[in-house]
Amino acid sequence: MRTLPLAAESGAPLMAPDSMVEQPPADTAEMPQQEAARPIPEDALILLPVRNVVVFPGTILPLAIGRLRSQAAVQEAIRLELPLGVLLQRKPDVDEPGPDDVHRVGTSTSVLRYITAPDGSHQAVVRGLRRFRVTEFLTGHPFTVARVQYIDDPAHTSADVAVSERMHAGTNAGTVGDAEIEGRGRALKESALETLRLLPQAPPEMSAALRSIDDPAQLADVIGSLMDNTPEEKQALLETVDLKARLDKLLDVLARRIQVLKVSRDVAERTQASIGDLNRKHLLREQMRTIQKELDEGDDSATEIDELDRAITEARMPAEVDTVARKELKRLGRMSDASGESSMVRTYLEWLTELAWVSDPEAEINLAEARRILDQDHFGLDKVKKRILEYLAVRKLNPSGRSPILCFVGPPGVGKTSLGQSIAKATGRKFVRVSLGGVHDEAEIRGHRRTYVGALPGNIIQNLRKVGTRNSVMMLDEVDKLGAGGFHGDPASALLEVLDPEQNATFRDTYLAVPFDLSHVMFLCTANVLDTIPGPLRDRMEIIHLPGYTAQEKL
């Protein structure tokens, strides 16, 4: 529950006991007056249509009076010392409401104070008295006037009427009905007090005022005016004549509001606890920076951590790799610069951030340009160049296809490596060469474990870091001279994972320990002979033989 701010043609619930009611000034001659065209009948009320506010009996509301007809109505009610009827407009945007633009049930009020401010605005403080229902609108007045029928709550009926009703319905029936209303009134008061306890800034005077009300009808009206419901919902509550039904409506509304407030309070407490934990961690970090500064370790370390954090963000790693990198970054932040493991973690993060995790857009393959480059760089070799052009044509038609690995086989000096350079030039890719001659350690391909001193990634990852992109041409030179498997593992088996198009999309270097996509790399191989190439590795290649040059070709 909350009170609403003062608004034009609207008001805010303002509850006070009778001893706190401000009486109207004795001298009302200074107030603006306007003679009515006709006298007001005894069974009629001067009506004040208002926007977005419902006045309940027993409540006090401030109203801002903006329309000239409304000002005339209030002044005439003051002059004649008559009650003022307040009715809610059906549509707030109507400036001159007629009989069809207002509800039929409203509240008669007494004007406690009427003030004309220096800026020309008019304000009135009214106190709700009784419900009424409009029976007939009257004409011939400069403001709205209507005949009304008052609607009283059971508490306001005379004792004789109450006794006659009990005699007609039976003594027990009256007692049971009174008990039900009294029980609902007590439950409503407890629910309202609990709602106030859950509100963060509820004034204590409001709780004291609610405890002082014993009449269930008055309690329902006061609580209904304090609820932050819509004007239409409050109007429906005002039109609920049966007191038991009115109490049941308020009990349902308060029950839902209590549940919402409890959930909101739990969320706020969890949020506050989370913010408190963040503030505590921030304070501890500041203290740690101060200590590190005293030890001449703070500024450089903090700057380096921030730079690595930015580098991780800019690298746009996959989610799995990003999680690993940030976990290692947190470990690095907790380590001292003098720690030996600190340099290892720092080097590992530098490797992760300097690799090309995102592929560059591939250049369009121009077959005519590729033919020109091949003819310009190499004389003869017509069958070889024709096969290379076929390979590039298939790759142009289906860039994501699983094409075989080209392997140029021939004696030294016939142009195997230069063919790879020409292919890179023709496809607009960077060229990198990896020599496999004499490699007998599997770690040269897969990398070393980080637990070893001086550990590094394998030659594949090292050269990709050097070239700075995954869209490159990588020539594996002298693949026939790989060392045989032994104590250090089998490098040929490790090379299978690199060249196999079904596996290299998730190539896992032992040093990085995270998957790296090699499927965008164009691999080429060279060899002098085929006999020493292992069978499984040879099955993944398309062999292109390059015979030796004749004397004429050399010339």
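Reader: How many helices and strands are in the chain?

Author: The chain has 18 helices and 13 strands. Helices are DSSP runs of H or I with at least four residues, strands are runs of E with at least two, and both are numbered from the N terminus. The model is predicted: local features need pLDDT of at least 70, side-chain atom pairs count only at pLDDT 80 or more, and totals for chains, interfaces and linings use all residues. Residues are numbered from 1 along each chain as its sequence is written, and side-chain values use heavy atoms, with hydrogens and water left out.

Reader: What share of the residues in the chain is buried?

Author: Of the 555 residues, 43% are buried. Buried means under 20% relative accessible area, exposed means over 50%, and partly exposed lies in between, with a 1.4 Å probe and protein chains only.

Reader: Why does Ser 108 count as buried?

Author: Ser 108 has a relative accessibility of 2%, so it counts as buried. Ser 108 belongs to strand S4, residues 105-116. Leaving aside neighbours within four places in sequence, its contacts include Leu 45, Pro 83, Arg 127, Phe 132 and Tyr 150. Contact means heavy atoms within 4.5 Å.

Reader: What percentage of the contacts with a separation of 6 or more joins residues 24 or more positions apart?

Author: Such pairs account for 72% of those contacts in the chain.

Reader: Why is Arg 316 called exposed?

Author: Arg 316 has a relative accessible area of 58%, and therefore it is exposed. Arg 316 sits in the loop between helix H8 (298-315) and helix H9 (319-334). Its phi is near 50 degrees, a positive value in a residue other than glycine.

Reader: What is Glu 478 called, at 28% relative accessibility?

Author: Glu 478 counts as partly exposed because its relative accessibility is 28%. Glu 478 also has a positive phi, about 55 degrees, although it is not a glycine. Its place is the loop between strand S9 (472-477) and helix H16 (491-499).

Reader: What puts the buried residues of helix H4 on the same side?

Author: In H4, residues 204-211, the buried residues are Met 206, Ser 207, Ala 209 and Leu 210. They cover an arc of only 160 degrees around the axis, so they are on the same side of H4. The arc is that of the directions from the helix axis to the C-beta atoms. Pro 204 and Glu 205 are exposed, on the face turned away from the buried side of H4.

Reader: How do you know that the buried residues of H6 line one face?

Author: Helix H6 spans residues 231-238, and its buried residues are Lys 234, Gln 235, Leu 237 and Leu 238. Seen down the axis of H6, these fall within an arc of 160 degrees, so they line one face of the helix.

Reader: Why is H11 called roughly antiparallel to H12?

Author: Helix H11 (residues 367-377) and helix H12 (residues 382-397) pack at about 155 degrees, with axes 10 Å apart. That angle makes H11 roughly antiparallel to H12. Angles under 35 degrees count as roughly parallel, over 145 as roughly antiparallel, 65 to 115 as roughly perpendicular and the rest as oblique. Axes are lines fitted to C-alpha atoms, for helices over the stretch in contact, and angles run from 0 to 180 degrees between N-to-C directions.

Reader: Which residues of H11 and H12 meet?

Author: Leu 367, Ala 370, Arg 371, Leu 374 and Asp 375 in H11 meet Lys 385, Ile 388, Leu 389, Leu 392 and Ala 393 in H12. By class, the contact of H11 with H12 has seven nonpolar, no polar and three charged residues. Ala, Val, Leu, Ile, Met, Phe, Trp, Tyr, Cys and Pro count as nonpolar, Asp, Glu, Lys and Arg as charged, and the others, Gly among them, as polar.

Reader: How are H11 and H13 oriented to each other?

Author: H11 and helix H13 (residues 416-427) pack at about 150 degrees, with axes 9 Å apart. H11 and H13 are therefore roughly antiparallel. Ala 370, Ile 373, Leu 374 and Asp 377 in H11 meet Leu 419, Ser 422, Lys 425 and Ala 426 in H13.

Reader: Why is Asp 377 called partly exposed?

Author: Asp 377 has a relative accessible area of 33%, so it is partly exposed.
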